[in-house]
Amino acid sequence: MLSYLVRRLLISIPTLILISIFVFALQKLLPGDPVLALAGDDRDPETLNRLRELYHLNDPIWMQYLHWVRGAVQGDLGQSIRTGLPVSDMILSKLPVTIQLAVMSMIFAAAIGIPAGIISAVRKGTVTDYIANIVALSGLSIPNFWLGIMLILLVSVKWQLLPASGYVPLTEDPVQSVRTMLMPAFVLGTALAASLMRHTRSAMLGVLRQDYVRTARAKGLTERTVVLHHAFRNALTPVVTLAALLFGELIAGAVLTEQIFTIPGFGKMIVDAVFNRDYAVVQGVVLVTALGFILMNLVADTCYVLLNPRLRVS
Amino acid sequence: MKIRKVLFLAAIMGSTAFAAQSQTLRIGLESDPDALDPDKSRTFVGRIVFTALCDKLIDVTPDLELVPQLATEWTVSEDGKTIDMTLREGVTFHDGTPFDAEAVKANIERSQTLEDSVRKSEVSSIESVEAVDATHVKLHLSAPDAPLLAQLADRSGMMLSPASFEGDVAANPVCSGPFKFKSRVAQDKIELEKYAEYWNADAIQLDAVTYLPIPDSTVRLANLQSGDLDLINRLAATDVQAVEGNADLAFARADGLGYQGITFNTANGSKSENPFGQDARLREALSLAIDREAINQVVFAGLNAPASQFVSAASPYFDPAYPVPARDLEKAKELIAEAGVEGDLTLELQAPNRPENQRVVQMIQAMAAEAGIKIDIVAKEFATMLADQQAGDFQASQVGWSGRIDPDGNIYGFVSTDGGFNDGKYSNPEIDRILAEARAVSDPAKRKELYHQANEILMAELPLFYIYNEAWLYGVSSGIEGFSPSPDGMIRLEGVAKSE
């Protein structure tokens, strides 16, 4: 098992290198240069040129890339052109925020999506099933930013129940921190809950048709035991895999959600960085996100093996 | 055990009671400031934060007059090459270091020499700084530089504690303003707290101020409505009604120094070879086809001010000979006929992809069509647009400028041959001569005359024309007292208090 994990991790190194080359090349294709994007009030050609020299922007792309890679392998992801802060520090300070948002969103998604999926599978073809499907479909189709703004207007402005923004770190004030994260996590969670629900439903339907479920029922077990212990456990494998893969969707969704709720996480950082052409920051965030995605895939595969004993033997 | 519990509860309640009493003003800004180092800062929002953090040598009044801040008085020598300044006594930096002539010298020299200083060109005319004694400083200039005083009323005149130069200034700026730096989380918040030893501490009622960057104006407003913010910057004109209709909120506005206009490519590469780039009559025809007041009413609910020249009507340099031109379709058509254009008259107009700019150019497109000018709008993301503009890849740009108190800052860079913002590469030796002379004379009456002369030429040639001056719009919680907006868009906290 351990050698399998190590091998998988080693394979991810070339993947990361390819991703970094791809992103580096792609952002150089973006029109507009970072110095000019920032200059605004100080578009003095002499100053612009000096800044370009300082940030190696006048060098050929491959040299800029090598310069960046040399730093990156030593843990130095460069310096943000906009704030002058080291990119690795910026990422480290945002990481807990995004992880907290991701975990809370997954809790929402699982709490809504999985039970809804089970219920609609068990009650297939009934009104409950249709309602659950309609709800899931709306969850998928309602845009995050719309739901976010509506929630702010209702929950924060009208009812004044939760703060509209003002993120507080978990370590500083856990209660307030969770309060500020509830709405954004819910917004992100609903979109994921829909996919989770649909997958749980189809996995459960597949399992409920199996012979051993019929046997369990024939033995006279309660419906509850049959569904939860016999069927659900086996239906869980594809659901867990999906949940891990949804992590990618989570980061993508966070881009908008973090903007609306002004949460200082990865999503907000990458949007601002793209607009400012802050290449070092874009590069750093993409790399770390890709790493996160690879790790989540690994977790999914591990869970898969753990949940399905047959795979362990091979 | 019980006693400890009670004490603990008392401590918690005490701390919340204290939190409720402490006066922290929360301000929503439209974007995250860049480096908090006056020598590296380039963003407008950065200047807003500096207003509370860093005192300058000179300040500006709402009437755009230069008034003392850290320098109590100054005189410019007859030949314009020496500026004598008397400095305020009893001022200390946030680290306790006293402010004196040596500190002024060190700060100006830092602006001139720091590797990535973006202030270099602003203070390039200063040849040397002489610390006469602790409270007197002499600036020796290589040539007269009238706009320099206005620069010293901005970031070039902000004073950092020389003791802090060694450290990372942007991560921990040490100035002498009413509030000192407490903490910053990039893209989240900047926290400042009252500096008890401030020389003008009596004018400061707030204990702390927090700036939160919230780019979306709807979300910014929602935060104000929910009470999470006390004051928001750049309220959208379309949201003013919502603020005015809310008893918990107040609306504040000030005429701004900034403008939005249309810049033409007159000589920057092959794209300048179009009828509008080559014929001033057509540029005038387009200008006359536009109803500036209608744009102001439709897009901005009448909150901005239609504009006609490079300074706003509030400026003492405003030229009454050129009021806002009324729409004149007949004259526009005459000019087009006179220019003898054959075939369709088309102009490619690029504009930022922001909703307000887009609405403005769409109105221009419709109005120009009535005069027989077909406008193709090219919407671009702002950074891209600037890059294209600088490269000469444009026929006309709908672009603006945040405005400066000294007229030089609004015009020199845009139309003088070697101007840093002259993206259309307009060049006229006469304009170069007049603007250079206006820089060199310090007598305001003489300068005014020169700028009016420049106006006469520019109005005839129209390398760019102006559409409106932007007003600063704020949403303020009704619990805030004493806030008055300034034309320079800065949020000044003297006299501001929270009544709750």
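1. A salt bridge here is a side-chain nitrogen of Lys or Arg within 4 Å of a carboxyl oxygen of Asp or Glu. By that rule Arg8(A) pairs with Asp301(A), with 2.3 Å between the closest N and O atoms. Over all chains the structure holds 35 salt bridges.

2. This is a predicted model, in which local features need pLDDT of at least 70 and side-chain atom pairs count only at pLDDT 80 or more, while totals for chains, interfaces and linings use all residues; side-chain values use heavy atoms, with hydrogens and water left out. Residues are numbered from 1 along each chain as its sequence is written, and chains are lettered from A and ligands numbered from 1 in the order in which they are written.

3. For chain A, the unreviewed UniProt entry lists "transmembrane region" at residues 9-26, 99-122, 134-157, 177-196, 239-261 and 281-307. UniProt positions are in the numbering used here, feature names are shortened, and annotations may be inferred rather than shown by experiment. Residues 9-26 of chain A are 100% helix and 0% strand, with end C-alpha atoms 26 Å apart. Residues 281-307 of chain A are also 100% helix and 0% strand, and their end C-alpha atoms lie 38 Å apart. Helices (H or I, at least four residues) and strands (E, at least two) are DSSP runs, numbered from the N terminus.

4. Between the chains, 42 residues of chain A are in contact with 45 residues of chain B, contact meaning heavy atoms within 4.5 Å. Chain A and chain B bury about 3800 Å² between them, 53% of it on carbon and sulfur atoms. Buried area is the accessible area (1.4 Å probe) that two parts lose on being put together, summed over both.

5. The rule finds 1 salt bridge across the interface of chain A and chain B. Arg277(A) and Glu381(B) form a salt bridge, their closest N and O atoms being 2.5 Å apart.

6. On the side of chain A that touches chain B, the elements giving two or more residues are α2 (34-39), α3 (45-54), α7 (144-158), α10 (223-260) and α11 (266-275) of chain A. α3(A) gives the most, with 7 residues.

7. Chain B is divided into domain 1 (2-30 + 178-256 + 472-498), domain 2 (54-164) and domain 3 (259-469), with bounds from an automatic or database domain assignment. The C-alpha centres of domain 1 of chain B and domain 2 of chain B lie 30 Å apart, and their contact takes 11 residues from domain 1 and 13 residues from domain 2. These two domains of chain B bury about 920 Å² between them, 52% of it on carbon and sulfur atoms.

8. Across the interface of domain 1 and domain 2 of chain B the rule finds 1 salt bridge. Arg492(B) and Asp59(B) meet in a salt bridge through their side chains (3.2 Å, N to O).
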